[in-house]
Amino acid sequence: MATSRLPPATLTLKQFMRRQQVLLLYRRILKAIRQVPNDCDRKYLKDWAREEFKRNKSATEEDTIRMMITQGNMQLKELEKTLVLARS
């Protein structure tokens, strides 16, 4: 049996793709938070987002990660809708 030359911490393609989805979601959330007009609210939301991602950093189960990505996208949409309503 051939041994792999890759280090043991190397991500599989599926893990790599999930990681990219999580990073994209994080960047999109932070970008939306930058549009919040109130400084205190902006700081609160930024700290909340950072803490949520840190808290779930150790998640490894595929279904759990997929569910968290879905929930994150729904929360992002709600934030974007709220920002649109606040501007009008």
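Select R18 first: this residue is buried, with a relative accessible area of 18% (buried means under 20%, exposed over 50% and partly exposed in between, with a 1.4 Å probe and protein chains only). The model is a predicted one, in which local features need pLDDT of at least 70 and side-chain atom pairs count only at pLDDT 80 or more, while totals for chains, interfaces and linings use all residues. Residues are numbered from 1 along each chain as its sequence is written, and side-chain values use heavy atoms, with hydrogens and water left out.

R18 belongs to helix α1 (helices are DSSP runs of H or I with at least four residues, numbered from the N terminus). Residues up to four places away in sequence aside, R18 touches E62, I65, R66 and I69 (contact means heavy atoms within 4.5 Å).

Next, display helix α1 (residues 13-33) together with helix α2 (residues 39-55). Their axes come within 10 Å and cross at roughly 170° (axes are lines fitted to C-alpha atoms, for helices over the stretch in contact, and angles run from 0 to 180 degrees between N-to-C directions). That crossing makes α1 roughly antiparallel to α2, a term for angles over 145 degrees. To see where they meet, select V22, L25, Y26, I29, L30 and I33 in α1 and R42, L45, K46, A49, R50 and F53 in α2. By class, this contact has 9 nonpolar, no polar and 3 charged residues (Ala, Val, Leu, Ile, Met, Phe, Trp, Tyr, Cys and Pro count as nonpolar, Asp, Glu, Lys and Arg as charged, and the others, Gly among them, as polar).

Within α2, centre the view on L45. L45 is partly exposed, with a relative accessible area of 22%. Its neighbours within four places in sequence aside, L45 is in contact with I33, V36 and L79. The C-alpha atoms of L45 and I33 are separated by 6.7 Å, and the two residues are 12 residues apart along the chain.

Which helix gives the largest share of the lining of the largest pocket? Helix α1 does, with 9 residues. The lining divides into 13 nonpolar, 6 polar and 8 charged residues.

Finally, move to Q75 in helix α3. Q75 is partly exposed, with a relative accessible area of 45%. The C-alpha atoms of Q75 and E62 are separated by 20 Å, with the residues 13 apart along the chain.

Key. Helix = DSSP H or I, 4+ residues; strand = E, 2+ residues; numbered from the N terminus. Parallel < 35°, antiparallel > 145°, perpendicular 65-115°, else oblique.
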